[in-house]
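Trainee: Could we go through this model together and check each label against its cut-off?
Mentor: Gladly, let's take a look.

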Amino acid sequence: MEKYMLPCLNKKYLGFECMGCGLQRSLVALLQGHFSEAFALYPAIFPLVLLGFMVTLNFMFTIKFATKIISFLAILSVTTIIVSYILKLTS
């Protein structure tokens, strides 16, 4: 599966990882049912999946507090991405 994944151009040409590094491998691990591995590879995978699920549901059905839930999940996702990236840089 790894041979079909896109390389990180930031890491390849600039020599350091971007905030999205690990997302593809994490999604594959999640789809294979390896939840702890998916979290270890990219901690924001769970809020991002929930956000995508909620946005999809909102297009299909009328949900009372959809905008608040989507806003919360978006803020949680961005915060998780930034915090995990900073922790990765400092370790």
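Trainee: Where in the chain is confidence lowest, and where is it highest?
Mentor: In this predicted model, confidence is lowest in H1, with a mean of 77, and highest in helix H4 (residues 45-60), at 96. The score is pLDDT, the predictor's confidence in each residue, from 0 to 100. Helices here are DSSP runs (H or I, at least four residues), numbered from the N terminus. For the chain, the mean pLDDT is 90, and 98% of the residues reach 70 or more.

Trainee: Which ground rules apply?
Mentor: Residues are numbered from 1 along each chain as its sequence is written. Local features need pLDDT of at least 70, side-chain atom pairs count only at pLDDT 80 or more, totals for chains, interfaces and linings use all residues, and side-chain values use heavy atoms, with hydrogens and water left out.

Trainee: What makes Glu17 and Lys88 a salt bridge?
Mentor: The term needs a side-chain nitrogen of Lys or Arg within 4 Å of a carboxyl oxygen of Asp or Glu. The closest N and O atoms of Glu17 and Lys88 are 3.0 Å apart, so the pair meets that definition. The count by this rule is one salt bridge. Glu17 sits in the loop between helix H1 (9-14) and helix H2 (23-31) and Lys88 in helix H5 (residues 66-90), so the pair ties together parts that are 71 residues apart in sequence.

Trainee: Why is Glu17 called partly exposed?
Mentor: Buried means under 20% relative accessible area, exposed over 50%, and partly exposed in between (1.4 Å probe, protein chains only). Glu17 has 25% relative accessibility, so partly exposed is its label. Lys88, at 34%, is partly exposed.

Trainee: And what is the label for Leu87?
Mentor: Leu87, which lies in helix H5, has a relative accessible area of 53%, so it counts as exposed.

Trainee: Which residues form the nonpolar patch on the surface?
Mentor: Leu9, Tyr13, Leu14 and Phe16 form it, with about 480 Å² of accessible area together. Patch residues have over 30% relative accessible area and no salt bridge; nonpolar side chains (Val, Leu, Ile, Met, Phe, Trp, Tyr) are joined within 5 Å, like charges within 9 Å. The areas come from the Shrake-Rupley method with a 1.4 Å probe, and for residues only the protein chains shown count as cover. Phe16 lies in the loop between H1 and H2 and, at 42% relative accessibility, is partly exposed.

Methods
Helices (H or I, at least four residues) and strands (E, at least two) are DSSP runs, numbered from the N terminus.
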